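Work through these exercises with the model open. Try each task before you read its solution.

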Amino acid sequence: MASQLDLENQSKYLNEAIRKVKEHGFYTKRAMDTNDLSGALNHASDMLRELRTSLLTPKNYYELYMKVLDELRHLDDFFF
């Protein structure tokens, strides 16, 4: 069974990863607004890098994954 400390760490890891995803999503959108494809792809890549973690439980990883997908939808719309 997970200890209280583990649950607190999970929350901290998840919140930090989501904060970074939102930050990279913001910069991705900003680059798309200026038609900077290279910058948009670099920030999107940085956002995807947040998924490279083994610190999160499957439930928290899924939440992070869904947040990344939500942010990437803006990039998808940019191409179509």
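This is a predicted model: local features need pLDDT of at least 70, side-chain atom pairs count only at pLDDT 80 or more; totals for chains, interfaces and linings use all residues.

**Exercise 1. Find which helix holds E71, and decide whether E71 is buried or exposed.**

Solution. 
- Step 1. Read its accessibility. The relative accessible area of E71 is 9%.
- Step 2. Apply the cut-off. Buried means under 20%, so E71 is buried at 9%.

**Exercise 2. List what E71 touches, leaving out residues up to four places away in sequence.**

Solution. 
- Step 1. Collect the contacts. E71 touches V21, K22, G25, K29 and M47.
- Step 2. Take K22 from that list. E71 and K22 are 49 residues apart along the chain, yet their C-alpha atoms are separated by 7.6 Å.
- Step 3. Take K29 next. The side chains of E71 and K29 make a polar contact at 3.5 Å.

**Exercise 3. Determine where A31 is placed, whether A31 is buried or exposed, and what A31 touches.**

Solution. 
- Step 1. A31 belongs to helix 1, which covers residues 4-33.
- Step 2. Check the area. A31 has a relative accessible area of 8%. The limit for buried is under 20%, so A31 is buried.
- Step 3. Look for contacts, not counting residues up to four places away in sequence. A31 touches D36, G39 and A40.
- Step 4. Compare chain and space. A31 and N42 are 11 residues apart along the chain, and 9.6 Å separates their C-alpha atoms.

**Exercise 4. Trace the salt bridges of R19 and say which residues they join into one network.**

Solution. 
- Step 1. Side chains of opposite charge can pair when their charged atoms come close.
- Step 2. Find one partner. R19 forms a salt bridge with E16, and their closest N and O atoms are 2.7 Å apart. Both residues lie in helix 1, three residues apart, about one turn of the helix.
- Step 3. Find another partner. R19 also meets E23 in a salt bridge, at 3.1 Å from N to O. R19 and E23 are separated by about one helical turn because they are four residues apart in helix 1.
- Step 4. E16 is partly exposed at 34%. R19 is partly exposed at 43%. E23 is partly exposed at 35%.

Now compare a pair in another helix.
- Step 5. D46 and R49 meet in a salt bridge, 2.4 Å from N to O. D46 is partly exposed at 26%, and R49 is partly exposed at 48%. Both lie in helix 2 (residues 37-49), three residues apart, about one turn of the helix.
- Step 6. Return to R19 and join the links. Salt bridges that share partners connect E16, R19 and E23 into one network.
- Step 7. The structure holds six salt bridges.

**Exercise 5. Name the residues that make the nonpolar surface patch of about 460 Å², then classify F80 as buried or exposed.**

Solution. 
- Step 1. Name the members. The patch is made by L37, L41, F79 and F80.
- Step 2. Read the area. F80 has a relative accessible area of 81%.
- Step 3. Apply the cut-off. Exposed means over 50%, so F80 is exposed.

Note on methods: Residues are numbered from 1 along each chain as its sequence is written. Side-chain values use heavy atoms; hydrogens and water are left out. Helices (H or I, at least four residues) and strands (E, at least two) are DSSP runs, numbered from the N terminus. Buried means under 20% relative accessible area, exposed over 50%, partly exposed in between (1.4 Å probe, protein chains only). Contact means heavy atoms within 4.5 Å. Patches are made of residues with over 30% relative accessible area and no salt bridge: like charges are joined within 9 Å, nonpolar side chains (Val, Leu, Ile, Met, Phe, Trp, Tyr) within 5 Å. Accessible areas come from the Shrake-Rupley method with a 1.4 Å probe; for residues, only the protein chains shown count as cover. A salt bridge is a side-chain nitrogen of Lys or Arg within 4 Å of a carboxyl oxygen of Asp or Glu. A polar contact is a pair of N or O atoms within 3.5 Å; within protein, one must be able to donate a hydrogen and the other to accept it, and residues adjacent in sequence count only if both atoms are side-chain atoms.
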